[in-house]
Amino acid sequence: MLRAIRQRLDDRANQHVGLLAEFSDPGALVHAVEDLREKGYSQLDTFSPFPIHGMDRAMGLPFSKLGFMVFGGAITGTFLGFLLQWWTSEVDYAINISNKPLFAWETSVPIMFELTILFAALTAVGGMLALNGLPKPYNPLFNSERFSRATDDAFFVHVSVRDGAFSNAATAEDLHGLGALSVEYVDHEGATLVGAAGEPADVEPIPDDAALPAPVVPHHTTGDI
Amino acid sequence: MANPLSFVFDPVAAERDRVPQRYRFLGGQRWWTTPLAIGAALLVAGLVMTLADVPRLLFAYLIGWTFCLSISLGALFFVMIHHITKARWSTTIRRIPEALVASFPLLAIAGLPVLFGMHDLYHWTHAELYDPASPYYDSIIAGKKLYLNTPFFIVRYVLYFAAWTWLGSRLWSISVRNDARPDAENTLRLRKISAYGIPLAAVTTAFASFDYLMSTDPHWFSTMFGVYFWAGGWLGALCLITFLALLLKKAGMLPEVTVEHTQDMGKYMFAFVVFWTYVAFSQYMLYWYANLPEEIVWFHKRSEGGWGIVAASLLIFNFILPFLLLLPRVTKRVAPALATMAVWLLVMHWVDLWWIAMPSMHVAAEASHAALAAGGGDLLASLQAVVPPAEAVHEAVEGPAGMSLHVVQPHLPLVEMAIWLGLFGLYVGVALARLGRHAVTPYSDPYFAESLRFENV
């Protein structure tokens, strides 16, 4: 049992060991994912500051289980609301008021409704976190300096080493061929830039005050997402 | 525009041949002649069957007419809300609700039988209720005389339809004229009309529902009734828009309306199934909780015997089942499933109106007719038989109890449905004929391209 849990946690930690490639914009990211899947890669993950239309389809993600979980939570809430009302007013603390019936469904509806919403919402949040494997305090990707921009203005695709089609050299070449701005090999030790042939790239450090060339806007940038 | 009658049907000259082939209505004449012919036949059949029972005929007509009216009002709000919120997703489907909102002048003409049949429909039109010397004097209704009187009722009728016709014909004609002569100014004009149109239509819709439906039972009042009527009408409008869009798509027209758009219409339907239930239940629970005689009588009548079954069927078929069926994504994306739900909910919208109006028939017709026939003694005697005499005197002066005794069970509403479907056939036929004269989608709208790109995440 403990070993199984340990194994699971290790698998999770190792999931993001592999090549991390940065792309210039959401459109390039979607195209890169589509091409990578055509080339036979399946253990892909993408990171972007905001949800991208069509990315689920491009990544071939299966139908989310979350909806069914939320529905189950909602039905549980309805039932518990009814039970709460009935138990408190009819059984546990019955008060006779002008000989009116002790229990009525009409007065229970607001409570049933509220508990339906509460349980549906909690299941949605909790289920989303569980399905995403969150919270996740450690991820090898944090070793990459560039990756901190994934919540700001950078778009990444990640190919895991556990992918059947993965090979450091060929995959790096594929990613460069798709127009990646940079490709890094990331593992638990750190991140190394990788050139088109799979060898560690020889990068000149750019001084902070250097005059950088103006960024080139790729032709497939739509401007409004 | 030479013929003034053409304004009633369609204020914009037909431009069918100038519309690009892709956006043209390709269905041909039978698209409107068929519903018009079926509608006329059913209406005549319904009229013939109920000629012996004029109050029933008038109530059936009132229900069918308010059904069509509520759908046009729902479509009016649909168009205006989408203009005011600068909605882009709905642009490709917008021409269908626009064709429905141009129907107000014809609905005003179709409502004339309601005005002529007021005496049978509305108990409060009886003059003796307001005469303190008369044995039928009703102090509650007499207290409402300032609002519930025939001249003011007619004035309000004219005002409502003037407002709706103004809004509807502006929204329709500006949008249609924009097709051939695109101008960004038109979008701004439509937005401005919507800005004052929404509060105007909201107030008139609420008061119209008080006038035409709530006042069939003039003792009763509910401040929430306007919202209840609006919720049903909006849901009906969504269903009809969705059904017509799917029908046009099935016939090969309107490729601009994609499954993404109809899925959003399905989401809308789902949301307003819940909204209708929310309003209906809120109204019910307040009266149930207070349980005051003059308030609860309306629900009491509508939950006795057969009407209780109708009420339960509203809960099951207008909430629980549609809620569960519309919940999964697949129902909203598969055209036949969504079309089935649209027809289903349209039928339930009629059942809702039938349940609201029909139990009142026996207030208006039977209470007065029976009392008149028996010289008035009958009502009082039946009251005294069930309640203590001291209260009976009080009730006879104040209360509605005498009316609640005269509830007649619902019968299989075949005649009512014939008249409803007759009116609805004419209503849909006219809307399709109007749609056929112009492009089926506002292809020059500035938001059209963006609407084409619309996708659900």
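**Figure 1. The largest nonpolar core of the predicted model.** The largest nonpolar core comprises 114 residues, and those with the most contacts inside it are I63(B), L76(B), L235(B), L238(B), I241(B), M269(B) and W420(B). A nonpolar core is here a set of buried Ala, Val, Leu, Ile, Met, Phe, Trp, Tyr and Cys residues joined through C-beta atoms within 7 Å, where buried stands for 20 or more other C-beta atoms within 10 Å of the residue's own, exposed for 12 or fewer and partly exposed for values in between, with C-beta atoms placed from the backbone. Helix α3 of chain B, residues 54-84, gives the most to this core, namely 19 residues; helices (H or I, at least four residues) and strands (E, at least two) are DSSP runs numbered from the N terminus. A second, separate core has 27 residues, among them V30(A), A32(A), L175(A) and A180(A). The model is predicted, so that local features need pLDDT of at least 70 and side-chain atom pairs count only at pLDDT 80 or more, while totals for chains, interfaces and linings use all residues. Residues are numbered from 1 along each chain as its sequence is written, and chains are lettered from A and ligands numbered from 1 in the order in which they are written.

**Figure 2. Surroundings of M269(B).** When residues up to four places away in sequence are not counted, M269(B) touches L235(B), L238(B), C239(B), T242(B), L326(B), M341(B) and L345(B), a contact being defined by C-beta atoms, placed from the backbone, that lie within 7 Å. L235(B) and L238(B) are, together with M269(B), among the residues with the most contacts inside the largest core.

**Figure 3. Packing of α3(B) with α10(B).** Helix α3(B) and helix α10(B), the latter covering residues 184-212, pack at an angle of about 155° with their axes 9 Å apart; the axes are lines fitted to C-alpha atoms, for helices over the stretch in contact, and angles run from 0 to 180 degrees between N-to-C directions. The two helices are therefore roughly antiparallel to each other, given that angles over 145 degrees count as roughly antiparallel, under 35 as roughly parallel, 65 to 115 as roughly perpendicular and the rest as oblique. The crossing of α3(B) past α10(B) is left-handed, a term used if the near helix is turned anticlockwise from the far one by less than a right angle, whereas clockwise is right-handed. On the α3(B) side the contact includes L62(B), T66(B), L73(B), L76(B) and F77(B), and on the α10(B) side it includes L190(B), R191(B), S194(B), A195(B) and Y212(B). By class, this contact has 12 nonpolar, 5 polar and 1 charged residues, with Ala, Val, Leu, Ile, Met, Phe, Trp, Tyr, Cys and Pro counted as nonpolar, Asp, Glu, Lys and Arg as charged, and the others, Gly among them, as polar.

**Figure 4. Packing of α3(B) with α11(B).** The axes of α3(B) and α11(B) lie 7 Å apart, and the helices pack at an angle of about 80°, which makes α3(B) roughly perpendicular to α11(B). Residues in this contact include S70(B), I71(B), L73(B), G74(B) and F77(B) from α3(B), and F229(B), G232(B), G233(B), W234(B) and L238(B) from α11(B). The contact divides into 11 nonpolar, 5 polar and no charged residues.

**Figure 5. Positive phi at two loop residues of chain B.** K86(B), which is not a glycine, has a positive phi near 55° and lies in the loop between α3 and α4 (95-101). L254(B), likewise not a glycine, has a positive phi of about 55° and is placed in the loop between α11 (225-250) and α12 (259-290). K86(B) is exposed, with 9 other C-beta atoms within 10 Å, whereas L254(B) is buried, with 26.

**Figure 6. The loop residue S303(B).** S303(B) sits in the loop between α13 (293-301) and α14 (305-326) of chain B and counts as partly exposed, with 18 C-beta neighbours inside 10 Å. Leaving aside neighbours within four places in sequence, S303(B) is in contact with G308(B) and A311(B). Its C-alpha atom is separated by 9.8 Å from that of W355(B), 52 residues apart along the chain.

**Figure 7. A cis peptide bond in chain A.** L134(A) and P135(A) are joined by a cis peptide bond with omega of about -5°, and P135(A) belongs to the loop between α5 (105-131) and β3 (155-160) of chain A.

Note on methods:
Contact = placed C-beta atoms within 7 Å.
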